[in-house]
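Please take a moment to look over the sequence and the 3D structure shown here, and keep both in view while you read. The paragraphs below lead from one residue to the next.

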Amino acid sequence: LALPSSERYNKTLQNAEDISEASEGLIQFCKNKGLSSHDSTFCGLCVEEIAVASLQNSIKKVEKKNYSIDLRVLHEDGSITIMLRDNGLHFDPNEWLEMYANEDPMRCIGVKYVIRQAKDVHYTSTLGLNVVVIKI
């Protein structure tokens, strides 16, 4: 069964400004669904950190006009599932964290926080797209 539109939050992101606006919109969506201020803010942070890292990983090598992130968020049974799908370069946040965490611990602090605090962060590559699913 598909969830009604009132239980979904969808945006297409192409730049840092879009990411920031979507993060703020998601925080409000989560608050409207009854999540605490802390949990709502964490959802927004997840989008901000993972989307910005993906953007930074890809933007120098992918034409800006062709790069996009599809954000899909589902609210079901009191929990939030965030899906970020982009057409940039390979970006697995778990793998990325392992590669760069020891190089400069501050560089990965946001991604590290998301991975440690979320119930699950899962990556898959399908049809040339990166898909990151975060369960809150």
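**A walk through the structure**

At 46% relative accessibility, Glu-21 counts as partly exposed, because buried means under 20% relative accessible area, exposed means over 50%, and partly exposed lies in between (1.4 Å probe, protein chains only). Glu-21 lies in helix H1, where the elements are DSSP runs numbered from the N terminus, helices being H or I with at least four residues and strands being E with at least two. The C-alpha atoms of Glu-21 and Lys-11 are separated by 9.7 Å, and the two residues are 10 residues apart along the chain.

Before going further, please note that this is a predicted model, in which local features need pLDDT of at least 70 and side-chain atom pairs count only at pLDDT 80 or more, while totals for chains, interfaces and linings use all residues. Residues are numbered from 1 along each chain as its sequence is written, and side-chain values use heavy atoms, with hydrogens and water left out.

His-75 is buried, with a relative accessible area of 11%. Which residues does His-75 contact, leaving aside its neighbours within four places in sequence? They are Leu-3, Glu-7, Phe-29, Lys-33, Leu-35 and Ile-80, where contact means heavy atoms within 4.5 Å. With one of these residues, Glu-7, the side chain of His-75 makes a polar contact of 2.5 Å. A polar contact is a pair of N or O atoms within 3.5 Å; within protein, one must be able to donate a hydrogen and the other to accept it, and residues adjacent in sequence count only if both atoms are side-chain atoms.

Glu-7 is buried at a relative accessible area of 19%, while Lys-33, at 25%, is partly exposed. A salt bridge is a side-chain nitrogen of Lys or Arg within 4 Å of a carboxyl oxygen of Asp or Glu, and a search of the whole structure finds two of them.

In the salt bridge between Arg-85 and Asp-70, the side chains meet at 2.8 Å, N to O. Here too distant parts of the chain are linked, with Arg-85 in strand E3 (residues 79–86) and Asp-70 in strand E2, 15 residues apart. Arg-85 counts as partly exposed at 29% relative accessibility, and Asp-70 counts as buried at 15%.

Helix H2 is also the place of Ser-58, a residue that counts as buried at 0% relative accessibility. Its side chain reaches the backbone nitrogen of Leu-89 at 2.7 Å. Not counting residues up to four places away in sequence, Ser-58 touches Tyr-67, Gly-88 and Leu-89. Lys-60, by contrast, lies in the loop between H2 and E2 and is exposed, with a relative accessible area of 78%.

We can now turn to empty space. Rolling a probe the size of a water molecule over the atoms shows where empty space is left. The structure holds one cavity of 30 Å³ or more, and the largest cavity has a volume of about 40 Å³. On a 1 Å grid over the protein atoms alone, a cavity is a set of points where a 1.4 Å probe fits but cannot get out, and lining residues have an atom within 4 Å of a point. Grid points are joined across faces, edges and corners, and the volume is the space filled by probe spheres set on the points. The lining of the largest cavity consists of Ile-50, Ala-51, Ser-54, Ile-69, Leu-84, Asp-86, Phe-91 and Val-132. H2 and E3 are the elements that give two or more residues to this lining, and H2 gives the most, with three residues.

Two loop residues complete the tour. Most residues other than glycine have a negative phi. Asp-77, in the loop between E2 and E3, has a positive phi near 55° and is exposed, with a relative accessible area of 78%. Leu-127, found in the loop between strand E4 (120–126) and strand E5 (129–135), also has a positive phi near 55°, and at 83% relative accessibility Leu-127 counts as exposed.

How values were computed. On a 1 Å grid over the protein atoms alone, a cavity is a set of points where a 1.4 Å probe fits but cannot get out, and a pocket is an open set with protein on both sides within 12 Å along at least five of seven lines; lining residues have an atom within 4 Å of a point.
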